[in-house]
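This briefing is meant to be read beside the sequence and the 3D view.

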Amino acid sequence: MATPHNRANVGEIAETVLMPGDPVRAKVIADAFLEDVNIYNGVRGIYAYTGTYHGKRLTVMASGMGMPSIGIYSYELFKMYGVEEIIRIGSAGAYVPELQLYDVVLAECSWSQSTFAKVQSGYTSDIAYPDTELNMRLLQTARRIGIPLRTVKVHSSDVFYCEKNVESYQEIHKKTGCQCVEMESFALFHNAKVLGKKAACLLTISDSFTSGKETTPQEREQAFTNMMKIALEAV
């Protein structure tokens, strides 16, 4: 049965979903890595590609930007489509100099100022957690295939552009210990917890607050292959 945001039928979405934010990145992954691919959704340009990777059936589907967007898509996938695990594969900005462009990190938890979880279910903590078993599987996979992967505390922000009168990234890092920032993991982890499912978040450092270095939009679409390989091999 379709939803207002997904025209796929039940059974056309695999139990495992890789979820980049960018619809173009979803297409890149499907074209480069999946076999026997079918497109099952195109509502609002959010395409869902279901195929196989080394015989394993999986779906790659974008989340869009921000917690409200991934909150809708992940909730529907978990609740209406029988998805058991979602691995977010996204980009992040580094708060610390130890994280360099293209480093791959795994969220050990997500801190946020967002009210998403409070509004959604009454959950009042400012920290949400991924699935422990899924995180362990991703770490073990990264070691097995020889790709460096470190765990970090992630700042999951509602806002991309902030005014100068609010807390700086240095203050947030000092107060919370967050080492990088993105905009979706807190909502994804919360939905998975509420619905008894599994979620994890792999991130590639796309820019650095400390050095000012950043990747181009094309590089973000095309060049985050280490993160993709970890996620694909883990599933």
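In this predicted model, helix H6 (185-195) gives the most to the lining of the second largest pocket, with 5 residues. That pocket has a volume of about 210 Å³, while about 1,000 Å³ of space lies in the largest pocket.

**Second largest pocket**

- The lining of the second largest pocket is made up of 13 residues, and those nearest its centre are Ala128, Tyr129, Pro130, Phe189 and Lys193.
- Both H6 and strand E10 supply at least two residues of this lining, which by class holds 8 nonpolar, 1 polar and 4 charged residues.

**Largest pocket**

- The largest pocket, with its volume of about 1,000 Å³, is lined by 39 residues, of which Val159, Phe160, Val181, Glu182 and Met183 are the closest to its centre.
- Two or more lining residues come from each of helix H1 (23-33), strand E5 (85-94), helix H5, strand E9 (180-182), E10 and helix H7, and E5 gives the most to the lining of the largest pocket, with 5 residues.
- By class, the lining of the largest pocket divides into 14 nonpolar, 12 polar and 13 charged residues.

**Surroundings of Asn135**

- Asn135 is placed in helix H4 (residues 132-145) and counts as buried, at 10% relative accessibility.
- A polar atom of the Asn135 side chain lies 3.0 Å from the backbone oxygen of Ala107.
- When neighbours within four places in sequence are left aside, Asn135 is in contact with Leu106, Ala107, Glu108, Pro130 and Ala200; Pro130 is also among the residues nearest the centre of the second largest pocket.

**Aromatic pairs**

- A search of the whole structure finds 6 aromatic pairs, one of which is formed by Tyr47 and Tyr49, a tilted pair with 6.3 Å centre to centre and 40° between the planes.
- Within that pair, Tyr47 is partly exposed, with a relative accessible area of 36%, whereas Tyr49 counts as buried because its relative accessibility of 6% falls under 20%.
- Another tilted pair is that of Tyr169 and Phe209, with 5.1 Å centre to centre and 50° between the planes.
- Since Tyr169 lies in H5 (residues 169-176) and Phe209 in the loop between E10 (198-208) and H7 (217-222), this pair ties together parts that are 40 residues apart in sequence.
- Phe209 is partly exposed, with a relative accessible area of 40%, and ring pairs link Phe209 with Tyr95 and Tyr169 into a cluster.

Terms used: Residues numbered from 1 in each chain as written. Predicted model: local features only at pLDDT ≥ 70, side-chain atom pairs only at ≥ 80, totals over all residues. Heavy atoms only, no water. Phe/Tyr/Trp six-rings, centres within 6.5 Å; stacked < 30°, edge-to-face > 60°. Buried < 20%, exposed > 50% of the residue type's maximum accessible area, 1.4 Å probe, protein only. Helix = DSSP H or I, 4+ residues; strand = E, 2+ residues; numbered from the N terminus. Polar contact = N/O pair within 3.5 Å; in protein donor to acceptor, adjacent residues only side chain to side chain. Contact = heavy atoms within 4.5 Å. 1 Å grid on protein atoms, 1.4 Å probe; cavity = no way out; pocket = protein on both sides within 12 Å on 5 of 7 lines; lining within 4 Å. Points joined across faces, edges and corners; volume = space filled by probe spheres on them. Nonpolar A, V, L, I, M, F, W, Y, C, P; charged D, E, K, R; others polar.
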